[in-house]
Amino acid sequence: MASGGKRKRAVANEAWRRIFDFIATTADQRDRTLERLDLSPGEARALSSLAADAGKTMRTLATEWRCDASTATWLVDRLEKRGFAARRSAPDDRRVKLVSLTVLGSRTKRRLQAELYEPPPELLRLGEAELIALRDAAAHLPTGLWPAPRAAAELRRVKLKRKV
């Protein structure tokens, strides 16, 4: 690796460390949002991957959530019990179930995203030029669906919490 490549790698390491530390340092703000909405991290991510209009199959959800079908079923059961999601048969194959958000689920998802996207006070301490530079640099990073934590680990965590 050329010295320019080493320098780039060192800068990337430092940038990532600072981003990661900032996310970890401001975790309380996210945790308070999840507490207010009484959501586990897995439920929050599951809500973010569902929509009211287009349903997703259990297989699709299991793939997105990186878990087996039984764990995806468990998580959808939790969302359904809370009134956030509903299952319906696929129009072309009644054996296939599609999961979509209910009105309550859509409202909760909007509230969750609005609160999670509220910038932490520490970020607002930066100057406008710094924020513009940060925004413009971040615009080049890939985005997409929020990957769920390994849903099996979420299941174990919730079961352990219930025993306490």
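This report describes salt bridges in a predicted model.

## Overall count

The model holds 13 salt bridges.

## Glu43 and its two arginine partners

Glu43 forms a salt bridge with Arg78, with a nitrogen-to-oxygen distance of 2.7 Å. The two residues come from distant parts of the chain, 35 residues apart. Arg78 belongs to helix H5, which covers residues 69–81, while Glu43 belongs to helix H3, which covers residues 41–49. Arg78 and Glu43 are both buried.

Glu43 also forms a salt bridge with Arg82, at 3.7 Å from N to O. Glu43 has a relative accessible area of 3%, so it counts as buried, the cut-off being under 20%. Arg82 has a relative accessible area of 29%, so it falls between the 20% and 50% limits and counts as partly exposed.

## Asp136 and Arg135

The side chains of Asp136 and Arg135 are joined by a salt bridge of 2.9 Å, N to O. Arg135 is classed as exposed because its relative accessible area is 52%, and exposed means over 50%. Asp136 is partly exposed, at 38% relative accessibility.

## A network of four residues

Salt bridges also link Glu14, Arg17, Arg18 and Asp21 into a network.

How values were computed
Residues are numbered from 1 along each chain as its sequence is written. This is a predicted model: local features need pLDDT of at least 70, side-chain atom pairs count only at pLDDT 80 or more; totals for chains, interfaces and linings use all residues. Side-chain values use heavy atoms; hydrogens and water are left out. Helices (H or I, at least four residues) and strands (E, at least two) are DSSP runs, numbered from the N terminus. Buried means under 20% relative accessible area, exposed over 50%, partly exposed in between (1.4 Å probe, protein chains only).
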